[in-house]
Amino acid sequence: MSFDCSEHLHYKLLHLTGEVDLHNSSEVRRCLLDILKQGKSVIVDFSDLKYIDSSGMATLVEGLNIANKNNLSLIIAGANGAPLQVLELTRLNQVFTIVDSVADIKE
Amino acid sequence: MTEQSQILIDVNNLDSAYGDRQVLHDINLQVEQGEILVIMGGSGSGKSTLLRNMLGLMKPRTGSIEFGDINICHATKAEISKLRRSMGVAFQGGALLSSLSVGDNIKLPLRQHTDLDENTISIMTRLKLELMNLADHEDLMPSELSGGMLKRAGLARAVIMDPKILFFDEPSAGLDPVTSVELDQLILNLRSAMNMTIIVVTHELESAFTIADRIAVLFDGELVITGTVDEIKACTDERVVNLINRKPRKNQLDADKYLSRLTKGAN
Amino acid sequence: MFAQIEKLGASVIASFDELGRFGLFLNSVVWSIFSRPFGFNDLLKQIAFIGAGSMPIILLSGLFTGMVLALQFYAVMVDFGAVELMGAAVSKSLIQELGPVMTALMVIARVGSATCAEIAIMRNEQQFDALTCMAISPYRYIMAPRLLAAIVSIPLLTAFYNLIGIFGGYVVGVYLKDLSGAVYMQTILETITWADLKMSFIKSVIFAVIIIWIAMGKGFFVHLEKGVSGAEAVGRVTTKAVVVSAIVMLFADYIISSFLI
C-alpha cells in the first residue's frame with residue numbers, strides 16, 4: 001500500500017494505492033487526522049484502491065466525524081470494485097459523499 | 001475448478017477417530033479461494049469432527065490438512081497462530097466469553113493481536129454489529145441475549161479482523177426462518193464484498209442450496225459426493241436422494257425381533 | 001471374575017491418565033505466565049474475587065475458631081495451672097495448623113467450587129475452542145490470572161485468619177476467663193518464631209496451588225467425564241473438585257508439617 005498527498009483546488013487529495021488493511025491503516029489514519037487538524041477538507045481518491053478492510057473504513061468514518069464537527073468535508077472519489085462493495089455492504093455509501101472521480105469536483 | 005482459483009485448504013486421506021471409534025474415513029476435500037463450500041450430513045455423519053480437524057482442534061489419525069504450504073497437523077505453534085489470525089470461526093452457540101460484554105467480546109481479537117487505536121477498534125466493532133443487526137446490544141452481557149443474537153454476535157467476532165477464511169458451524173440451527181434467510185444473505189454478501197472463502201457446516205437443505213457453490217455430503221464418516229447444487233440434486237446415490245427428499249431412514253422390520261424388543265422382561 | 005480385574009485395571013489406567021493430564025495442564029498454565037500480553041486487569045479482577053471477596057467469611061470463621069480454641073484450651077489448661085500459656089497455645093495452633101487449613105477449606109468452598117463450575121461451563125459452551133481458534137491461549141488468558149491471583153491472595157487471607165483468630169482467643173481469654181491481656185500477648189511473642197510463620201506461609205502457598213489447580217483442571221476436562229454431559233457433568237466435576245482438593249490439601253498439610261515441625 002502506498003499513499004500520497006497533493007492538492008486539488010482547496011482540498012487536500014489523499015490518493016490511496018493498493019490495499020489498506022490492519023497492518024497499514026494506522027499510517028493512513030495518522031495522515032488523515034493530520035490533514036484535518038490543519039483545517040483542510042479532504043478528498044480520498046479510491047480509484048487505485050484494490051481493497052480496503054474494516055480498519056480502513058473505520059479510519060475514514062473517524063475522519064468523516066471529525067470533518068463534520070469542524071465544518072470540513074471528506075469526499076470519496078472513484079470508488080470501484082471491492083471497496084465499492086464494502087461501502088454498499090456497510091451502507092456507508094449513504095453516509096459519505098461519493099463522486100465518480102476527482103475531476104468531478106470543481107469547487 | 002477454474003484456472004484462476006487457487007486451493008486454500010487441501011484435505012488429504014483424512015482418518016479421524018475418538019479413541020477406538022473411527023469417525024472419518026479417507027476424506028479428500030479441497031476448498032477453493034472465494035467459494036462457499038457447504039459440508040452437509042445428518043447427525044453422526046462426522047461433519048463436526050471434520051470441522052474440528054480442519055480447525056486444528058483435533059489431530060487426525062492419518063492424513064493431512066494443508067493451508068497453502070502449512071500442514072496444520074504438523075505446523076509449529078507460531079505458524080498455526082499466524083494462520084488462525086487469518087481465519088474466523090463462528091461457533092454454534094456463539095461461544096462468547098460470559099464475563100465480557102458483547103462489544104468487548106468482539107473487540108477481543110483486535111485488542112490481543114493488533115495495536116490499532118481504540119477509536120478505530122470501536123468503530124470497527126460497531127460496523128460489524130450494525131451488519132448483524134445488533135447495534136443496540138453492544139453493552140449487553142451474553143446472558144442477556146437470545147440464541148439468535150448470540151449466534152450473530154459470534155459471527156461478528158469471527159469476522160472482526162476480516163479473515164480470508166470463515167468457518168460457520170450450523171448457522172441456521174435454532175433460528176427462525178426469517179432470520180435464517182437474512183443470515184444466508186449476509187453470508188453471500190460477506191463473500192462478495194470481502195472476498196471471503198466460507199465453509200459452512202449445516203444440515204439445513206434450504207440454506208445449503210441457497211448459499212453453496214459446492215456441497216460436500218458426508219454419510220457415516222465418508223464423503224459420498226462433492227459437487228455443485230445441480231450435481232447434488234442429480235446424484236443417484238440412495239443416501240443422497242433420501243437426504244434431499246427428506247425421507248426417514250427405512251430399516252426393514254423383522255417382526256419377531258420387534259415383538260421381543262417390545263416385550264422384553266415381561267412375565 | 002476377570003471382568004472385575006479388567007474394571008480395576010481400567011480404572012487404574014484412567015487414574016494415571018488423569019494424573020498425567022493434570023500434570024501437563026499445570027505445566028501449560030505455569031509457562032503461559034511468561035507469555036505476552038500479560039492480563040494484568042484480569043489478574044486484578046481475580047484477586048478481587050478470590051482475595052477481597054473471601055475476606056468476610058475468613059474474618060468470621062477466623063474469629064469463631066479463635067474463640068473456640070481459647071475455650072477448649074482453657075478447659076484443659078485450668079487443671080494443669082497453665083492458663084497463662086493461653087496466648088501461646090492459641091497462636092501456635094492457628095499459625096502452624098488451623099490458619100492455613102481452615103483458610104484453604106473456606107476458599108475451596110467458595111472459590112474452588114465457583115471457579116470449577118465457571119470453567120466447566122466455558123468448556124461446554126466451546127469458549128475454549130473459540131479462544132484457541134482466535135490464537136488466544138486459554139492457559140494464558142483464563143488460567144494464569146487465576147493461578148497467580150490464588151498464590152497472591154490465599155497467603156494473605158491466611159495471615160488475616162491467624163490475626164483475627166488470635167484476637168478471638170484474646171477476647172475469650174481476657175473478657176470471659178479473666179486472663180491478663182498482657183500475659184496473653186507476651187506469651188505469643190515468646191513462643192512464635194520465624195519458623196512458625198514460614199510454615200504458615202509455605203503451607204498457604206502450596207494449598208493455593210493445590211486448590212486452584214484442581215478446580216481449574218477438573219472444570220477444563222469436564223468433557224472427558226464418562227457417562228454425563230451438560231449441567232450434570234458440571235455438578236459432578238465441581239463436587240469432585242471440592243472433595244479432591246480438600247483431601248489433597250490435608251495430605252499436603254501432613255507432609256509439610258512432618259518436614260517443618
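At roughly what angle do the axes of helix H3 and helix H6 of chain C cross, and within what distance do they come? Before I answer, let me say that what we are looking at is a predicted model, with an ipTM of 0.92 and a pTM of 0.90. For chain C the mean pLDDT is 95, and 100% of its residues reach 70 or more.

Now to the helix pair. The axes of H3(C), residues 55-80, and H6(C), residues 138-176, come within 7 Å and cross at roughly 40°. An angle of 65 to 115 degrees would count as roughly perpendicular and one under 35 as roughly parallel, and the two helices are therefore described as oblique to each other. The handedness of this crossing is right-handed. On the H3(C) side the contact is made by residues including Met55(C), Ile58(C), Leu59(C), Gly62(C) and Phe64(C), while H6(C) contributes, among them, Leu157(C), Phe160(C), Tyr161(C), Ile164(C) and Gly165(C). Sorted by class, this contact holds 17 nonpolar and seven polar residues, with no charged ones.

Let me turn to where chain C touches chain B. Here eleven residues of chain C are in contact with 14 residues of chain B, and the chain C side of that contact divides into six nonpolar, three polar and two charged residues.

Terms used
Residues are numbered from 1 along each chain as its sequence is written. Chains are lettered from A and ligands numbered from 1 in the order in which they are written. This is a predicted model: local features need pLDDT of at least 70, side-chain atom pairs count only at pLDDT 80 or more; totals for chains, interfaces and linings use all residues. Axes are lines fitted to C-alpha atoms, for helices over the stretch in contact, and angles run from 0 to 180 degrees between N-to-C directions. Helices (H or I, at least four residues) and strands (E, at least two) are DSSP runs, numbered from the N terminus. Angles under 35 degrees count as roughly parallel, over 145 as roughly antiparallel, 65 to 115 as roughly perpendicular and the rest as oblique. A crossing is left-handed if the near helix is turned anticlockwise from the far one by less than a right angle, and right-handed if clockwise. Two residues are in contact if their C-beta atoms, placed from the backbone, lie within 7 Å. Ala, Val, Leu, Ile, Met, Phe, Trp, Tyr, Cys and Pro count as nonpolar, Asp, Glu, Lys and Arg as charged, and the others, Gly among them, as polar. pLDDT is the predictor's confidence in each residue, from 0 to 100.
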